[in-house]
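This report goes through one protein model, from a single loop residue to the sheets, cores and helix contacts. Please keep the sequence and the structure in view while reading.

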Amino acid sequence: MKATATAHPIQGLVKYHGMRDPELRLPYHDSISVCTAPSRTLTTVEFGATDEDVYVIDGEPVEGRGAERIDAVVDHVRALADLDAPVRLESENSFQSNVGFGSSSSGFAAAAMALTEAAGLDLTRPEISTIARRGSSSAARAVTGAFSHLYAGLNDHDCRSERIETDLEDDLRIVAALVPSYKETEQAHEEAADSHMFQARMAHIHGQIAEMRDALRSAEFDRAFELAEHDSLSLAATTMTGPAGWVYWQPRTIAVFNAVRALRKEGVPVYFSTDTGASVYVNTTAEYVEEVESAVADCGVETDVWEVGGPAEIRPASDALF
């Protein structure tokens with residue numbers, strides 16, 4: 001009753017914001033993202049190896065709200081498998097967490113994948129996505145991988161993720177611009193509906209979803225990532241006008257935005273995207289990635305180049321963390 005799994009974090013393209021049901025983490029509306037590789041989370045779980053549940057991430061014990069979110073996933077798997085054994089869960093990230101690069105998405109996706117395997121459950125990835133969603137709605141899309149669509153709904157039959165097939169997978173390059181800045185994503189979700197911009201976002205988000213799916217299906221790079229850029233601005237408008245007035249962007253975030261727009265004026269296919277954080281995803285193609293990375297690095301930020309990552313996967317026993 002032991003298993004190891006890996007998953008890639010997501011970049012939100014049409015991002016969800018706010019939860020209709022915080023316990024089941026049911027979002028108000030659909031969302032679309034793309035997984036980023038080789039950044040990944042590796043997670044090993046084992047039932048019955050300890051006297052009580054033990055959670056460790058990057059060598060540090062998890063307590064408080066973080067443990068409660070893991071409990072939601074673990075308890076659901078135990079209920080599905082009719083188990084009562086305690087769980088030992090250890091997880092490692094290959095990238096910095098809590099900086100706007102989706103560590104909760106890969107973390108809960110890898111955990112859900114490993115837990116279902118260790119519990120002996122025979123489930124499809126869309127079904128596993130409903131388990132991962134209980135920890136993080138974004139994790140549902142990290143389970144199905146690549147470009148994925150999480151449907152809104154009021155139950156696990158409707159609110160699950162499916163993969164979108166597109167020819168953009170091979171050519172997309174993502175320059176990750178690291179701007180470390182502490183963030184409170186969960187709190188921002190909690191107050192999303194209190195923003196006077198929220199209803200405006202809800203009014204246009206369904207059209208954005210349809211446009212993004214169509215752009216991906218027809219492999220229109222500029223159309224897809226222009227939509228992602230504008231959605232980042234829409235998300236920020238909603239976040240910044242909530243009760244707490246969250247402002248995640250930092251001066252170097254804006255510097256990257258300006259560098260991207262300058263490159264675009266020169267004819268380079270490049271677009272920025274942010275989730276709820278100061279770090280920036282800079283989307284371009286393989287042909288231009290070196291030029292783009294150089295321009296982004298000139299903004300004084302640490303960079304990395306990522307490609308499209310696949311779905312969550314079970315790893316061999318030799319990869320286990322314990």
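## Arg40 and its surroundings

Arg40 touches Thr6, Ala7, His8, Pro9, Glu92, Asn93, Ser94 and Phe95, leaving aside residues up to four places away in sequence; contact here means heavy atoms within 4.5 Å. The residue sits in the loop between β5 (31–37) and β6. Helices (H or I, at least four residues) and strands (E, at least two) are DSSP runs, numbered from the N terminus. Arg40 has 26% relative accessibility and therefore counts as partly exposed. The cut-offs are under 20% relative accessible area for buried and over 50% for exposed, with partly exposed in between (1.4 Å probe, protein chains only). Between the C-alpha atoms of Arg40 and Gly102, which are 62 residues apart along the chain, the separation is 10.0 Å.

The model is predicted: local features need pLDDT of at least 70, side-chain atom pairs count only at pLDDT 80 or more, and totals for chains, interfaces and linings use all residues. Residues are numbered from 1 along each chain as its sequence is written, and side-chain values use heavy atoms, with hydrogens and water left out.

## The six-stranded sheet

An open sheet is formed by six strands in the order β8-β7-β9-β6-β1-β16, with mixed pairing. Two strands pair if DSSP finds at least two bridges between them. At the edges are β8 (60–61) and β16 (313–315), each of which pairs on one side only.

β1 and β6 are antiparallel and share six bridges; Lys2 is opposite Glu46 of β6, and Ala3 is opposite Val45 of β6. β6 and β9 also run antiparallel, joined by seven bridges, and here Glu46 stands opposite Arg88 in β9. Six of the seven residues of β6 are buried, which leaves the strand mostly covered. Helix α2 lies across β1, β6, β9 and β16, at about 35° to β6. Axes are lines fitted to C-alpha atoms, for helices over the stretch in contact, and angles run from 0 to 180 degrees between N-to-C directions.

## Nonpolar cores

A nonpolar core is a set of buried Ala, Val, Leu, Ile, Met, Phe, Trp, Tyr and Cys residues joined through side-chain atoms within 4.5 Å. The largest one has 34 residues, and the most contacts inside it belong to Val45, Phe47, Tyr55, Ile70, Val87, Leu89 and Leu115. Two or more residues each come from β1 (2–7), β6 (41–47), α1 (64–81), β9 (87–93), α2 (103–118), α3 (125–132) and α4 (137–144). α2 gives the largest share, nine residues.

Val45 touches Met1, Lys2, Ala3, Val87, Arg88, Leu89, Ala114, Leu115, Ala118 and Phe322, not counting residues up to four places away in sequence.

## Two helix contacts

The axes of α2 and α4 come within 7 Å, crossing at roughly 65°. From α2, Ser104, Ser105, Ser106, Phe108 and Ala109 meet Ser138, Ala139, Ala142 and Val143 of α4. This contact has five nonpolar, four polar and no charged residues. In this count Ala, Val, Leu, Ile, Met, Phe, Trp, Tyr, Cys and Pro are nonpolar, Asp, Glu, Lys and Arg are charged, and the others, Gly among them, are polar.

Helix α8 (residues 251–265) and helix α9 (residues 289–297) have axes that come within 9 Å and cross at roughly 145°. Val256, Ala259 and Leu263 of α8 meet Glu291, Val292, Ala295 and Val296 of α9. By class, that contact has six nonpolar, no polar and one charged residues.

## Strand β12

Seven of the seven residues of strand β12 (residues 172–178) are buried, so the strand is largely enclosed by the rest of the structure. Leu172, Ile174, Ala176 and Leu178 point one way, while Arg173, Val175 and Ala177 point the other way.

β12 pairs antiparallel with strand β14 (residues 280–285) over six bridges, and with strand β15 (residues 302–308), again antiparallel, over five bridges. Ala177 is opposite Val280 in β14 and opposite Thr303 in β15.
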